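Me: I would like to go through this model slowly, asking at each step what a description rests on. Please set the values against the cut-offs before drawing a conclusion.

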Amino acid sequence: AASFDRRPLIQIANSIGGPPMKLLHWRQLMKLGRIPHSNESVAVEAIAGIESFGAPEVEIIMISHRWLRPSLDRSTAHPDLLDNRKAKAINEFSNWRRQWVRHTHGFLPEIFYWIDFACVDQANTSAAVPLLPIWVACCERFLRIDTDGYDSRAWCRLEPLLSYVFS
């Protein structure tokens, strides 16, 4: 389990300038039933989140997805549909993954997600864009939510490639 401790890499990422890496705990997503906006301050700084449970108990999963309500108007842009189907799918995955790890490895992991909408300051995305590749490297798992048009988006094509290279 110690080999999956991403804190040293996250510390390097946080030290090169720009915003610190943030993560969204699975319980927060479950409680809300929707993907929260970064201005809700639900995501926590990655190091603090990991240390609140201990590195061996934590999994960090990057969510790769296409925004389902894109807009140049940031106040109306959102990654999910009004019925929150993407959040529901992630919550189902959280339940499945935790039970699978318990059955296979004998413990329930604390899952943190890196989701752009919740973890990157949406009012200042330009500060985070240069850090995206290293933040992908800081995630030990990758979850692709495949929706119509996923493969037509440049970021959606780049994220799996980066995840593969860094894993």
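Reply: This is a predicted model, and its protein chain has seven helices and five strands. Read from the N terminus on, the elements run α-β-α-β-α-β-α-β-α-α-β-α.

Me: What makes the protein chain as compact as a globular protein of its length?

Reply: The radius of gyration is 15 Å, and the globule rule gives 15 Å for 167 residues, so the chain is as compact as a globular protein of that length. Along its principal axes, the C-alpha trace spans about 45 × 35 × 30 Å. Of the 167 residues, 42% count as buried, while the chain exposes about 8,900 Å², with carbon and sulfur atoms supplying 55% of that area.

Me: Among contacts between residues at least 6 apart in sequence, how many join residues at least 24 apart?

Reply: The share is 71% of those contacts in the protein chain.

Me: How many residues does the largest nonpolar core have, and which have the most contacts inside it?

Reply: The largest nonpolar core has 40 residues, and those with the most contacts inside it are Ile10, Met21, Tyr113, Trp114 and Trp135. Strand S3 (residues 58-65) gives the largest share of this core, namely five residues. Leaving aside neighbours within four places in sequence, Met21 is in contact with several residues, including Ile10, Trp114 and Trp135, as well as Cys138 and Cys139. As a general background, nonpolar side chains tend to be buried together in soluble globular proteins.

Me: Why is the pair of Phe93 and Trp96 called tilted?

Reply: The structure holds five aromatic pairs. In the pair of Phe93 and Trp96, the ring centres are 5.7 Å apart and the planes stand at 40°. Pairing requires centres within 6.5 Å, planes under 30 degrees apart count as stacked and those over 60 as edge-to-face, so a pair at 40° is tilted. Both residues lie in helix H4 (residues 85-105), three residues apart, which is about one turn of the helix.

Me: What makes the pair of Trp96 and Trp100 stacked?

Reply: The centres of Trp96 and Trp100 are 6.2 Å apart, with 25° between the planes. The distance is within the 6.5 Å needed for a pair and the angle is under 30 degrees, so this pair counts as stacked. Trp96 and Trp100 also both lie in helix H4, four residues apart, about one turn of the helix. Phe93, Trp96 and Trp100 form one aromatic cluster.

Me: Is His25 buried or exposed, and what does its side chain make a polar contact with?

Reply: His25 has 10% relative accessibility, which is under the 20% cut-off, so it counts as buried. His25 lies in strand S1 (residues 22-25), and its side chain makes a polar contact of 2.7 Å with the side chain of Glu110, within the limit of 3.5 Å for such a contact. Beyond its neighbours within four places in sequence, His25 is in contact with Phe53, Glu110, Ile111 and Phe112.

Me: Why is Gln122 called buried, and where does it lie?

Reply: Gln122 lies in the loop between helix H5 (116-119) and H6. Its relative accessible area is 12%, under the 20% cut-off, so Gln122 is buried.

Me: Is Ser41 buried or exposed, and what is its phi?

Reply: Ser41 has a relative accessible area of 60%, over the 50% cut-off, and is therefore exposed. Ser41 is found in the loop between helix H2 (26-32) and strand S2 (44-45), and has a positive phi of about 55° although it is not a glycine. Asn84, in the loop between S3 and H4, has a positive phi of about 60° and is not a glycine either.

Definitions and conventions:
Residues numbered from 1 in each chain as written. Predicted model: local features only at pLDDT ≥ 70, side-chain atom pairs only at ≥ 80, totals over all residues. Heavy atoms only, no water. Phe/Tyr/Trp six-rings, centres within 6.5 Å; stacked < 30°, edge-to-face > 60°. Helix = DSSP H or I, 4+ residues; strand = E, 2+ residues; numbered from the N terminus. Buried < 20%, exposed > 50% of the residue type's maximum accessible area, 1.4 Å probe, protein only. Polar contact = N/O pair within 3.5 Å; in protein donor to acceptor, adjacent residues only side chain to side chain. Contact = heavy atoms within 4.5 Å. Core = buried A, V, L, I, M, F, W, Y, C linked by side-chain atoms within 4.5 Å. Rg over C-alpha atoms; globule rule 2.2 N^0.38 Å. Areas by Shrake-Rupley, 256 points an atom, 1.4 Å probe, with all protein chains shown as cover.
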